[in-house]
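The sequence and the structure come before the discussion.

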Amino acid sequence: AARQPGLLLRTFALSLANQWLPVGAVVALGVPLDHDVVWYWFAAIVPFVTLASLLPISIGGTGVREALFVALFGAVGMRAEVALSLSLATLGVALAWGLIGLALFATGRRSTAPPQVAA
């Protein structure tokens, strides 16, 4: 990293984008459903729910994510049915992107050359 001074800055910028893009996606899905919840609540709740859904207590965080969306967004004024539909919509988007990635992986070019070992 010391030989490439911009590497740390680029890595940090990509890390921020990795954290803020899911928040932006949930805001884009959630604001039309319930416009009374302010954007900064999304910025506080979504990363926490994402982290909590990584706990190995359910398959893919399903159930944990929905319960936390209903509880936490409900605490800031979102109706329970809207919070649940928002959670299911985010799950649907994640599954759709996963299926696209699976299709790209499955139809990708297969290399016949043996893998190169770094010296």
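## The largest pocket

In this predicted model, the lining of the largest pocket draws at least two residues from each of four helices, namely H1 (5–30), H2 (39–52), H3 and H4. Among these helices H1 gives the most, with five residues.

The largest pocket has a volume of about 470 Å³, and 18 residues line it, of which Pro-22, Thr-50, Arg-65, Thr-90 and Ala-94 lie nearest its centre. By class, the lining comprises twelve nonpolar, five polar and one charged residues.

## H3 against H4

Helix H3, which covers residues 64–75, packs on helix H4, residues 80–106, at an angle of about 140°, and the axes of the two helices are 8 Å apart. Because of this angle, H3 counts as oblique to H4, and the crossing of the pair is right-handed.

On the H3 side the contact involves Arg-65, Glu-66, Phe-69, Val-70 and Phe-73, which meet Ala-80, Ala-83, Leu-84, Leu-86, Ser-87, Leu-88, Thr-90 and Leu-91 of H4. Sorted by class, the residues where H3 touches H4 are nine nonpolar, two polar and two charged. Arg-65 and Thr-90, both part of this contact, are also among the residues nearest the centre of the largest pocket.

## H1 against H2

The axes of H1 and H2 come within 9 Å of each other and cross at roughly 120°, an angle that makes H1 oblique to H2. The crossing of H1 with H2 is right-handed.

H1 contributes Trp-20, Pro-22, Val-23, Val-26, Val-27 and Gly-30 to this contact, while H2 contributes Phe-42, Ala-43, Val-46 and Pro-47. The contact of H1 with H2 contains nine nonpolar residues, one polar residue and no charged residues. Pro-22, which belongs to this contact, is likewise listed with the residues nearest the centre of the largest pocket.

## H1 against H4

H1 also packs on H4, with axes that come within 10 Å and cross at roughly 130°, which makes H1 oblique to H4. This crossing, too, is right-handed.

Val-26, Leu-29 and Gly-30 of H1 meet Leu-86, Ala-89, Thr-90 and Val-93 of H4, and by class these residues divide into five nonpolar, two polar and no charged. Val-26 and Gly-30 take part in this contact as well as in the contact of H1 with H2, whereas Leu-86 and Thr-90 of H4 meet H1 here and also belong to the contact with H3.

Note on methods
Residues numbered from 1 in each chain as written. Predicted model: local features only at pLDDT ≥ 70, side-chain atom pairs only at ≥ 80, totals over all residues. Heavy atoms only, no water. Axes fitted to C-alpha atoms, helices over the stretch in contact; angles between N-to-C directions. Parallel < 35°, antiparallel > 145°, perpendicular 65-115°, else oblique. Left-handed = near helix turned anticlockwise from the far one by under 90°. Contact = heavy atoms within 4.5 Å. Nonpolar A, V, L, I, M, F, W, Y, C, P; charged D, E, K, R; others polar. 1 Å grid on protein atoms, 1.4 Å probe; cavity = no way out; pocket = protein on both sides within 12 Å on 5 of 7 lines; lining within 4 Å. Points joined across faces, edges and corners; volume = space filled by probe spheres on them.
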